Structures are given as C-alpha cells and as structure tokens.
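These are my notebook entries on a structure that I looked up part by part. I wrote one entry for each topic.

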Amino acid sequence: MAEHKAEIGAEPAILPQDTFDRAATYILSLRVDEILDLALDVGVALLSCGAEVHRVEDTVSRICAAYGAQEIEVFAITSVVIAQIRMPDGNYSSQTRRITRTYHHLARLEKLNALSREICRKPLDKETVNQKLEDIHRHRPVPEWLCFIGGMLATSAFTLFFGGTWRDGLVAAIIGFFLTLIERHGKPVINAMAATFINSLLAGLLAILSVRIGLGQHEDLIIIGTIMLEIPGISFGNALRDMLFGDTLAGVLRFIQAILQSLVMAAGYLCAMLFLGQALGV
Amino acid sequence: MSTTVVIVKLITAVLGSVGFAILFYLQPQKLPLAAVGGLLTCGVYLGMQTLLGGELLPNLAATFVGTIFSEIMARLTKAPVPVYLLPCLIPLVPGGMLYKTMNHFIQGSYGAAGSCGLTALAVAVGIAGGIMAASVCGMLYGQAVGYIKKKRASSGFHK
C-alpha cells in the first residue's frame with residue numbers, strides 16, 4: 001500500500017511514454033473543445049481530399065476515443081460534419097464544420113490516414129498535430145510539370161485506346177495540357193460546375209478545329225479521349241461505396257452531384273459540336 | 001479483335017491509368033501499382049468480352065477483380081482503398097458510349113441515342129455491381145478478422 005502511494009505521488013513528467021492511455025487527455029491538458037477541434041481538423045481534411053464519408057466518421061470518433069472521450073456522436077455528409085463528444089467528467093463539446101470544396105488528392109488522403117492511425121496509437125499534443133497537418137498540406141508529391149505530363153498522358157492514351165492514330169493522340173495531348181492548366185489554376189477561383197462546362201466546351205472546340213485544319217484525323221476519338229478527363233467517374237465509385245457502408249444520404253448527394261456534373265459536361269461538348277457544326281457547315 | 005489491337009489497348013490503358021494517378025496526386029512510388037491495377041481491370045474486361053460479349057458482365061468481372069486487388073493492396077500497405085481503386089477503374093469509364101449518345105442526340109436520331117445511353121448505363125451498372133460485390137467481400141473479411149481476434153483475446157483472458 002505504501003509503495004502504491006509513493007508511485008501516485010511521483011511527478012507526472014517521469015511517466016514513460018507508453019503509459020499514455022485513456023487518461024492521456026489530462027497529461028496533455030487538452031480541453032474538450034480542443035480535442036474535438038483537433039479530431040475535426042483531421043476529419044475535414046480527409047473529407048475534402050476525397051475520402052469516403054464512413055472513413056471520416058470513423059476517423060473522428062476513433063481520435064476522440066483515443067483522447068478519452070466517452071460519448072461520441074459524429075455525422076458527416078459530403079458538405080458538412082457535425083460532432084458532439086462528452087468526457088467522463090461531464091464536460092461536452094459540439095461543433096459543426098462546413099466543407100465547400102473537395103478535390104482528389106490521393107497522397108494527402110494516404111498521409112492523413114497514417115496520421116490518424118498514429119494519433120490513435122499514441123495521442124499527440126495539439127501543436128504536434130497542427131504541425132503535422134500543415135506539413136501534409138504543404139507536401140507536394142509530384143512537381144508541377146509532372147501534373148501536365150499526367151494530363152497529356154491520360155487524354156492521349158485514351159484517344160489511342162479507342163482506336164485513334166498518333167496524330168489524334170498528339171492533338172489530345174495538347175488539349176490535355178490546356179485542360180490541366182484550367183483544372184489547376186482556374187478551378188480554385190471559378191465555380192466547379194462552370195469550370196467543367198468551360199473545360200468541355202474548350203475541349204470540344206479544339207478537337208473539332210484541329211480536324212478542320214488537318215492536324216487531327218478523328219474528332220470523335222479525340223473528344224472521347226478528353227471526355228475521360230471530365231467524367232466524374234471517381235465520384236460515382238465513392239458514392240457507391242458510401243451507400244454500401246450505410247451512409248445513404250451522403251452517397252445519394254455525391255451521386256446527384258456526379259450526374260449533374262456529367263450533364264454539364266455533356267452540355268459543354270454539345271455546345272461546341274452545335275456551334276462549329278452550324279458555323280462551319282457540317 | 002486482332003492481337004495488335006489488344007496489345008495497343010492494354011498498353012494505352014496502363015498509360016491512361018498512370019496519367020490519371022499522376023493527376024490525382026498519387027505518390028510517385030505507388031505509380032507502378034496503379035499501372036498493375038489498370039492492366040488487371042483492362043485485361044479482365046477484354047478477356048471476358050471476347051468470351052461472353054456484351055457490356056454488363058465483362059465490366060462487372062473487371063471491376064470485381066480491380067476492387068479485390070485494391071482491397072488487398074490497401075490491407076497490405078495500410079492505406080485507404082480509394083488510393084488503389086481510383087486508377088484501377090479509369091479504363092472502364094464508358095467515355096466512348098457517352099460521346100456516341102451525345103452525337104446521335106445532336107443529329108436527331110433519338111433511338112440510337114437511347115440505345116447508346118442504355119449501353120453506357122449497362123457499363124455503369126456493371127461497375128457498380130463489381131464495386132459493391134468486392135467491397136462486401138472486403139467488409140466481411142474485416143469483420144471476420146475482428147471477430148477472430150476478439151475470440152482469441154477473450155479466451156486468453158479467461159486462461
């Protein structure tokens with residue numbers, strides 16, 4: 001008994017690292033607000049770089065549990081995350097975050113997932129988590145020019161995939177370059193739907209014009225190659241996985257968003273085809 | 001389909017998958033896996049199409065194989081499934097059919113537009129079915145592993 005008391009009376013600072021457990025929150029002296037804030041920072045970052053909704057809900061609740069939260073309620077759809085946690089001492093916090101812009105960033109998704117695993121293994125303090133989040137956001141997996149190569153490779157490869165000649169592939173690569181340029185520098189400032197429309201219109205116009213001036217040979221195949229860049233195929237896949245994991249609402253929202261985007265894309269190409277068809281008399 | 005066409009399709013599918021993976025900021029060291037995924041789904045799709053014909057079943061089989069591949073790779077590397085799944089599925093996206101639908105629609109041949117649109121829908125349904133079937137397999141596997149671990153832990157506790 002005496003030994004036990006001596007141990008309790010010891011300085012908390014000499015506790016070895018691996019005694020971190022559900023009481024970690026007291027050692028780290030995080031308030032309940034800060035815990036939820038930190039968990040939501042990770043969750044929102046995950047959601048905005050293209051994670052499924054169930055992964056976001058799971059991550060937020062696991063992080064809160066790792067910091068000792070007792071009751072955890074998290075609800076997420078594609079544009080909002082709502083969460084409430086209660087600590088064993090009765091303090092509670094409830095926060096809501098709105099997500100306005102989502103994009104696909106697989107490297108960031110992977111790193112955020114690794115960070116959340118790390119936090120769940122051993123809770124980190126607020127500064128470390130913020131520092132790590134900042135590092136993840138600043139990390140550039142590939143240099144700028146490689147993105148353009150990627151875009152050009154994607155469009156030209158699919159033009160050839162559907163049976164185009166090398167000249168068609170060349171035209172598709174040039175269009176892919178412009179599309180990537182708009183995607184990277186235009187999307188942050190224009191509405192996403194408007195950007196899709198402009199992209200599709202531009203791709204359609206360039207494809208038809210290139211055939212008219214004799215550079216490309218098959219306008220249909222060039223257009224198909226560039227369509228692949230604009231189709232929100234990925235959103236369809238994510239929507240299905242969301243619905244499958246029980247987040248029906250989030251899945252339906254993503255699904256409708258993807259359908260709308262495909263319609264806007266189709267409208268862009270239709271305008272290009274109608275305009276040049278009328279103007280140049282096909 | 002002649003052998004040359006098949007080879008060209010496989011090579012361009014791989015290049016396309018890698019291109020998309022770069023656009024989606026996949027980590028450069030993972031690009032070979034994206035290439036393998038693209039080759040796998042496209043290969044299964046072409047094989048099944050010569051065997052069975054149609055669009056629904058080949059797409060379903062190809063997506064199933066691609067999703068299982070992604071689930072396995074995700075578990076091996078402790079990374080999220082979408083990291084591997086997205087590049088895999090790119091060669092199956094029915095871009096050609098959507099273009100034909102639009103083109104027929106403009107020219108006023110609504111019957112042909114409808115039939116092309118339905119073919120694109122069949123592709124989409126096939127992909128959806130493949131993702132769902134394989135994801136359910138992944139979920140079942142995860143739950144089975146969790147259950148066995150729990151069993152072992154509790155039996156160890158009682159000893």
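This is a predicted model: local features need pLDDT of at least 70, side-chain atom pairs count only at pLDDT 80 or more; totals for chains, interfaces and linings use all residues.

**Entry 1**

I began with A:Leu170, which lies in helix H8 (residues 166–185) of chain A.

Which residues make a nonpolar surface patch with A:Leu170? I found A:Trp166, A:Ile174, A:Phe177, A:Phe178, A:Leu181, A:Ile213 and A:Leu215 beside A:Leu170 in the patch, which covers about 790 Å².

**Entry 1: Aromatic rings**

I next looked up the aromatic pairs, of which the structure holds eight over all chains. In the pair A:Phe158 and A:Phe161, the ring centres are 5.8 Å apart and the planes stand at 75°, so I noted the pair as edge-to-face. The cut-off behind this label is an angle over 60 degrees.

Where do these two residues sit along the chain? Both belong to helix H7 (residues 144–161) of chain A, and because they are three residues apart there, about one helical turn separates them. Both A:Phe158 and A:Phe161 are buried. A:Phe161 also pairs with A:Phe162 in an edge-to-face arrangement, with 5.2 Å from centre to centre and 85° between the planes.

Are A:Phe161 and A:Phe162 buried or partly exposed? I recorded a relative accessible area of 5% for A:Phe161, which is therefore buried. For A:Phe162 the value is 27%, so this residue is partly exposed.

I then asked which residues form one aromatic cluster with these rings. The cluster is made of A:Phe158, A:Phe161, A:Phe162, B:Phe20 and B:Phe24.

**Entry 2: A:Glu144**

I returned to helix H7 of chain A, where A:Glu144 lies. A:Glu144 has a relative accessibility of 36% and so counts as partly exposed. I also noted that the C-alpha atoms of A:Glu144 and A:Arg184 are separated by 9.6 Å, although the two residues are 40 residues apart along the chain.

**Entry 3: Salt bridges**

Why look for such pairs at all? Side chains of opposite charge can pair when their charged atoms come close. How many salt bridges are there over all chains? I recorded a count of 17.

I looked up A:Arg31 and A:Glu34, whose side chains meet in a salt bridge at 3.7 Å from N to O. This distance qualifies because the cut-off is 4 Å. A:Glu34 has a relative accessibility of 19% and therefore counts as buried, as the limit is under 20%.

I went on to A:Asp41 and A:Arg97, which form a salt bridge of 3.1 Å from N to O. A:Asp41 lies in helix H3 (residues 32–48) of chain A and A:Arg97 in strand E3 (residues 92–98) of chain A, so this pair ties together parts 56 residues apart in sequence. A:Asp41 is partly exposed, with a relative accessible area of 23%.

I also examined A:Glu118 and A:Lys132, whose closest N and O atoms are 3.2 Å apart in a salt bridge. This pair links distant parts of the chain, 14 residues apart: A:Glu118 is in helix H5 (residues 106–121) of chain A and A:Lys132 in helix H6 (residues 126–138) of chain A. A:Glu118 is partly exposed, at a relative accessible area of 26%, and A:Lys132 is partly exposed at 29%.

Finally, I noted that A:Glu52, A:Arg55, A:Arg241, B:Glu71 and B:Arg75 are linked in a network of salt bridges.

**Entry 4: Positive phi and positive charge**

I turned to the backbone, keeping in mind that most residues other than glycine have a negative phi. B:Tyr25 has a positive phi near 55°. I located B:Tyr25 in the loop between helix H1 (3–23) and helix H2 (31–52) of chain B.

B:Lys78 is not a glycine either, and its phi is also positive, at about 55°. I located B:Lys78 in the loop between helix H3 (56–77) and helix H4 (82–89) of chain B. With a relative accessibility of 53%, B:Lys78 counts as exposed.

Note on methods:
Residues are numbered from 1 along each chain as its sequence is written. Chains are lettered from A and ligands numbered from 1 in the order in which they are written. Side-chain values use heavy atoms; hydrogens and water are left out. Rings of Phe, Tyr and Trp (its six-membered ring) pair if their centres lie within 6.5 Å; planes under 30 degrees apart count as stacked, over 60 as edge-to-face and the rest as tilted. Helices (H or I, at least four residues) and strands (E, at least two) are DSSP runs, numbered from the N terminus. Buried means under 20% relative accessible area, exposed over 50%, partly exposed in between (1.4 Å probe, protein chains only). Patches are made of residues with over 30% relative accessible area and no salt bridge: like charges are joined within 9 Å, nonpolar side chains (Val, Leu, Ile, Met, Phe, Trp, Tyr) within 5 Å. Accessible areas come from the Shrake-Rupley method with a 1.4 Å probe; for residues, only the protein chains shown count as cover.
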